[in-house]
Amino acid sequence: MAEWQQVSGSLKAISAGSRTNVWGVNSAGNIYRYTNNDVSPWVQIPGGLTDIGAAADGTVWGVNASGNIYRYTGDGSSTHWKQIPGALARISAGSRTNVWGVNSAGNIFRYTNNDASPWVQIPGALTDIGAAADGTVWGVNASGNTYRYTGDESSTHWKLVSGALARISAGSRTNVWGINSAGNIYRYTNNDASPWAQIAGNGSDVGAGADGTVWHVNAAGNIYRYTGDQPG
């Protein structure tokens with residue numbers, strides 16, 4: 001059985017909080033939410049974003065080409081999005097209270113759960129970040145080095161895990177996926193001694209959910225949902 005099922009549509013970035021909360025952005029910046037119906041899989045949401053983070057609890061955040069940051073309100077108003085102060089290039093939402101981002105300079109920020117003073121800087125430098133519902137956080141830097149957040153407030157904060165990745169997504173402590181600069185797709189083995197198992201396919205962005213859901217998109221914008229753990 002093929003490990004990936006193609007889903008119609010075209011996206012540049014994708015985020016999967018759970019089986020029922022999957023969002024993406026296409027190359028024009030248009031925003032789409034998965035309908036849970038592969039026959040007509042996507043509904044467009046007003047707004048324009050370049051990266052998006054969807055969580056298992058329904059939380060959704062995004063950033064646009066100018067670095068502006070938005071949280072989805074879901075209230076059906078004409079705006080849909082509430083701007084949050086700050087500037088980020090990549091964003092990941094594990095839950096309402098576990099939101100992380102990276103700015104264009106590589107600085108790392110964690111959401112404080114206070115819109116008046118929303119971000120606290122975390123030591124380190126990353127180019128992509130993945131935050132999970134259970135508090136797990138992973139990141140990669142410009143050299144492709146891969147890190148797991150230790151949360152112990154040590155001087156390092158981050159533990160280097162062997163491997164080279166360009167994109168990373170963490171759905172939970174045990175559901176972490178990445179893509180390297182060549183487009184190869186990897187799944188974390190939960191063993192730092194031999195941390196990554198390559199999964200067939202080629203992608204440019206990946207989204208891993210708390211419930212084991214995984215989606216990826218490739219450089220052509222094609223969209224795939226992982227079926228490898230499902231019964232044949």
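**Two loop asparagines**

I started with Asn190, which sits in the loop between strand E20 (184-188) and strand E21 (196-202). Strands (E, at least two residues) are DSSP runs, numbered from the N terminus. Before going on, I noted that this is a predicted model, where local features need pLDDT of at least 70, side-chain atom pairs count only at pLDDT 80 or more, and totals for chains, interfaces and linings use all residues. I also wrote down that residues are numbered from 1 along each chain as its sequence is written, and that side-chain values use heavy atoms, with hydrogens and water left out.

Asn190 has a positive phi of about 70°, although it isn't a glycine. Its relative accessibility is 39%, so I put it down as partly exposed. The cut-offs: buried means under 20% relative accessible area, exposed means over 50%, and partly exposed is in between (1.4 Å probe, protein chains only).

Next I checked Asn113, in the loop between strand E12 (108-111) and strand E13 (119-122). Phi of Asn113 is near 70°, a positive value in a residue other than glycine. Asn113 counts as partly exposed because its relative accessibility is 40%.

**Asp205**

Buried or exposed: which is Asp205? I got a relative accessible area of 3%, so Asp205 is buried. Asp205 belongs to strand E22 (residues 205-208). I found a polar contact between the side chains of Asp205 and Arg90, at 3.4 Å. (A polar contact is a pair of N or O atoms within 3.5 Å; within protein, one must be able to donate a hydrogen and the other to accept it, and residues adjacent in sequence count only if both atoms are side-chain atoms.) Leaving out residues up to four places away in sequence, Asp205 touches several others, among them Lys12, Ile14, Arg167 and Trp215. Contact here means heavy atoms within 4.5 Å.

**Ser172**

I found Ser172 in strand E18 (residues 167-172). Ser172 counts as buried because its relative accessibility is 11%. Beyond residues up to four places away in sequence, Ser172 touches Ala132, Asp134, Thr136 and Ala210.

**Strand E2**

Last, I looked at E2 (residues 13-18). Six of its six residues are buried, so E2 is largely enclosed by the rest of the structure. E2 pairs with strand E3 (residues 21-25) in the antiparallel sense, over five bridges. Two strands pair if DSSP finds at least two bridges between them. Ile14 has Gly24 as its bridge partner in E3. I also noted that a hairpin joins E2 to E3 through two residues.

Definitions and conventions. Helices (H or I, at least four residues) and strands (E, at least two) are DSSP runs, numbered from the N terminus.
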